[in-house]
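Please look through the sequence and the 3D structure shown below before reading on. The paragraphs that follow lead from a single pair of residues to the wider picture.

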Amino acid sequence: MPLTKTTWLLRVGAPVAVLALALTACGPFGEKDDTSENARHTSRSGVTDGHRSGAQKVGMRSDGEPPLRPGQTGTRAFKEDTGVEPTYRIAAQKVDIGTAAEAKALVSNPADAEGKVPAVVYVKYTHVRGATVKEYPRVGDYAEVYADGRRGAKVTGTAGRPKGCADSDEIKNWRNGQSYLLCNTFLIPARARSVKVMWTEIGGKPFVWTF
């Protein structure tokens, strides 16, 4: 189904530190967008939980079960960079789609955003058991967006976070029962008709949410 209208939540008009495309982004993203300033804002609610795992088919869980519905959770132990390995409950909430103009504002070279729009994925993480994460949790770095089966190009930098999203670099002493909403931004084809969110640690079994 086509994407429906919504509001892009990144700060607009504030001083912006230009974001850079992550080097891990996959190749070309399809046809050029001819909507320019008229590109639509969209929002997708509902996700399936997962992450890349070799030839794992996007949109299916590793055990063959169908994708998770919006807000459904997957539970996984995750080893943080600091060495602790707490268990998290993970639930993708929604993906907000921006405009072509906003995509170009996020990169240093406008050509990198040609035919693309930004997609912000919102994922809720709850520390359910295990050691306290004293600082710099990285569990939120592993959420990705796939559009029409192709991985989006992750955007990095500090152009501002969507309202309500936490900064993982500012989280301290994350204990059992505490939850944070962590967000990542990707560039995807402007004409994408299918959007999925995937989470997993490298080499792990994916959680996948379909919008």
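Are C165 and C183 buried or exposed? Both C165 and C183 are buried, where buried means under 20% relative accessible area, exposed means over 50%, and partly exposed covers what lies in between, as found with a 1.4 Å probe and protein chains only. These two residues form a disulfide, with their sulfur atoms 1.9 Å apart, the term being used for a pair of cysteine sulfur atoms within 2.5 Å. By this rule the count comes to one disulfide, and the link of C165 and C183 is left-handed, with -70° about the S-S bond. The pair links distant parts of the chain, since C165 sits in the loop between β9 (153-156) and β10 while C183 belongs to strand β11 (residues 179-189), 18 residues apart. In general, a disulfide is a covalent bond between the sulfur atoms of two cysteines.

Residues are numbered from 1 along each chain as its sequence is written, and side-chain values use heavy atoms, with hydrogens and water left out.

The protein averages a pLDDT of 75, and 67% of the residues score at least 70, where pLDDT is the predictor's confidence in each residue, from 0 to 100. Where pLDDT is low, the predicted coordinates should not be read in detail.

The secondary structure comes to one helix and 13 strands, helices (H or I, at least four residues) and strands (E, at least two) being DSSP runs numbered from the N terminus. Read along the sequence, these elements follow the pattern β-β-β-β-α-β-β-β-β-β-β-β-β-β. Of the contacts with a separation of 6 or more, 79% are accounted for by residues 24 or more positions apart. Buried residues make up 45% of the 211 residues in the protein. The protein exposes about 10,300 Å², of which carbon and sulfur atoms supply 49%, the areas coming from the Shrake-Rupley method with a 1.4 Å probe and, for residues, with only the protein chains shown counting as cover.

Attention can now turn to charged side chains. A search of the whole structure finds six salt bridges, each being a side-chain nitrogen of Lys or Arg within 4 Å of a carboxyl oxygen of Asp or Glu. One of them joins R76 and E201, whose closest N and O atoms are 3.1 Å apart; this pair links distant parts of the chain, with R76 in strand β3 (residues 74-77) and E201 in the loop between β12 and β13, 125 residues apart. R76 counts as buried, because its relative accessibility is 15%. K205, which lies in the loop between β12 (195-199) and β13 (207-210), is 129 residues from R76 in sequence but 9.6 Å from R76 in space, C-alpha to C-alpha. With a relative accessible area of 56%, K205 is exposed.

Another salt bridge forms between E135 and K172, the closest N and O atoms being 3.6 Å apart. E135 lies in strand β6 (residues 133-135) and K172 in strand β10, so this pair ties together parts that are 37 residues apart in sequence. E135 is partly exposed, at 32% relative accessible area, and K172 is also partly exposed, at 39%.

R138 counts as buried at 18% relative accessibility, whereas D141 is partly exposed with a relative accessible area of 29%. The side chain of R138 is also joined to that of S168 by a polar contact of 2.9 Å, which is a pair of N or O atoms within 3.5 Å; within protein, one must be able to donate a hydrogen and the other to accept it, and residues adjacent in sequence count only if both atoms are side-chain atoms. S168 lies in the loop between β9 and β10 and counts as buried because its relative accessibility is 14%. Leaving aside neighbours within four places in sequence, S168 is in contact with Y136, P137, R138 and L182.

Note on methods: Predicted model: local features only at pLDDT ≥ 70, side-chain atom pairs only at ≥ 80, totals over all residues. Contact = heavy atoms within 4.5 Å.
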